[in-house]
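These are my notebook entries on one protein model. I set down what I looked up, entry by entry.

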Amino acid sequence: MTTTMELPARAEPGLTAASVTDRVRAYVSGLPAHAPEIERQGRIPGDVLDGLKATGLLRAALPLRLGGVEMTVPQITRAVDLLAEGDASVAWCAAVALNAALAVVSLPAQVFTELFPDPDLITATVLPPTGRAQRRDGGYVLSGRWTHGSGITHADRVMAGFQTPEGAPRIAVFDAAHARVLDTWHTTGLRGTGSHDFEVADLFVPERHTFGLVPSGTRHEPLHLRADNLALKMAGVPLGIGRSALNAAREILAARRSALPRPGVPADLAHAESLIGAADAYVYSTLENTWTAQAAGLAPERGTAALARQFAHRACREAVQLLYDAVGSAAVYTERTPLDRCLRDLITAGRHVASAEKILDGVGDLRLGGDPASPHF
C-alpha cells in the first residue's frame, strides 16, 4: 500500500548546512515506509522525489550565488549517509544528482542557469565518454549509449560523456526527455535507482552546453566544487545501509531475547556494531583530515579516502551478513525487515568501480612507489 509522505516545506535560498541536515533527518523518518514500493517499481515515486527536493540537499554543492548551500564534503557525506539509512536507492540517486555541480566550474553562470533554472532539478550523470559526436555549426550531433544511468527514469537533466571528432572527451548536458531509456536494470540490489542504460541518436547539443573535465589540481575552484571531492560522498551509502540493518536486527532480537536461535547471536550483534562503527570513524576522520588539508592549501594523502570508502563497503557488508544470519529465517521476508534488501543493496553498491576490491590493488601499488592512473583516488 502506498502511504502519503510528510513533506518538509519547499527548499528556499538562505539554507545552511545545519538546516539542510535537519530537513534530511526529518525526511528520512518517512522513507522506510516507501522502501518496498521503491524496490517494486524500480524507481523513486514522485512524492518521494518532491520530499528530497524540499530538503535542499540537491543544492548542497552549488555556490551561494546560484541558490546553493556550499556544504563541506563531510557534511554532504553525512547527509547521504542519513538518506541511506532510510532508503539506499534514494541516497544513491541523490548523491549522483549532486554531480550537477561539476558543470558550475566549467560553464558560464548564465549558461548554467539556462540549463538549471531551478537548483533542485535532478540530474543523471554518466561521465565515461561512451558517446560519439560530429561537429555541426554551433555544437555537436551526439549519438551513443550509456550504462548505469542512475536516476534516469526520474531525471530532469542528463550529463553524459562523449568523444569529440578530435578524440577529446567532453560532457554534454541535455534535457532528460531526449534520452531513450532501455529496460536493463534487473539487479541484485539498488533496484529503486532505475540505473538503466539509455541512448540518444543524432541529438544536437549546442557547444555552450558541453564542457571538458579538467584534471584535479590544474585549477582552483572552491573545495566543495572539486570533482575529486564530489566523488567522496559515496562513502555515506554503505554506512547508512549498515546502520539501517543494525537498528532492525537489534529491534527484532531484543523482542525475542529469551529465545534467541543460538548462543552466539548477541556476540554477532556486537561484532556487527563494531564493524559499522569502525567504518564510520575511518570514513569521517579521513574526510575531515582531507578537507582540513585542502583548506590549508595542502594536498591530502592520495588514496586514503578511497581506502576508507572501500573499507566501509567491505565492513558494512560483513556486518549486515552477520545480522542477517543472526536474525535467521525472518530476514528473508523483504517487506517484514529491511535486512534482505540491505544485504542486496550493499552487494550491488560494492560493485561500483569507485568502491570495488581493485581499489586495494591500486592504493597498495601507490604505497609501494607506483603511480596508478585511477581517477578514483
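This is a predicted model: local features need pLDDT of at least 70, side-chain atom pairs count only at pLDDT 80 or more; totals for chains, interfaces and linings use all residues.

Entry 1, a pair in the sheet. I began with I171, which stands opposite F211 in β7. I took two strands as paired if DSSP finds at least two bridges between them. Helices (H or I, at least four residues) and strands (E, at least two) are DSSP runs, numbered from the N terminus.

Residues are numbered from 1 along each chain as its sequence is written, and side-chain values use heavy atoms, with hydrogens and water left out.

I traced seven strands in an open sheet of mixed pairing, in the order β5-β6-β2-β1-β3-β4-β7. β5 (180-182) and β7 (210-211) are at the edges with a single partner strand each, so one side of each has no neighbour in the sheet. Strand β1 (residues 123-136) runs parallel to strand β3 (residues 157-163), and six bridges join them; R132 has Q163 in β3 as its bridge partner. Towards strand β2 (residues 139-146), β1 is antiparallel, with five bridges. There I found Q134 bridged to V141 in β2. The hairpin of β1 and β2 has two residues between the strands, and its G138 takes a positive phi near 85°.

I checked α9 (residues 265-295): its 31 residues reach 45 Å from first C-alpha to last, close to the 45 Å expected at 1.5 Å a residue. The expected span is 1.5 Å times one less than the number of residues. After α9 comes G297, with a positive phi near 80°.

How many cavities of 30 Å³ or more does a search of the whole structure find? I recorded three. On a 1 Å grid over the protein atoms alone, a cavity is a set of points where a 1.4 Å probe fits but cannot get out; a pocket is an open set with protein on both sides within 12 Å along at least five of seven lines, and lining residues have an atom within 4 Å of a point. Grid points are joined across faces, edges and corners, and a volume is the space filled by probe spheres set on the points. The largest cavity has a volume of about 60 Å³. Among the residues lining the largest cavity are L58, L62, F112, F116 and D118. Its lining has 10 nonpolar, no polar and one charged residues; Ala, Val, Leu, Ile, Met, Phe, Trp, Tyr, Cys and Pro count as nonpolar, Asp, Glu, Lys and Arg as charged, and the others, Gly among them, as polar.

I counted 23 lining residues, with P32, S244, A248, P338 and R341 nearest its centre. α2 (35-41), α4 (73-86), α8 (236-255) and α11 (339-349) are the elements that give two or more residues to this lining, and α8 has the largest share, six residues. By class the lining of this pocket divides into 11 nonpolar, five polar and seven charged.

Entry 7, the whole protein. I list 12 helices and seven strands. Of the 377 residues, 55% count as buried, meaning under 20% relative accessible area with a 1.4 Å probe and protein chains only.

How values were computed. Buried means under 20% relative accessible area, exposed over 50%, partly exposed in between (1.4 Å probe, protein chains only).
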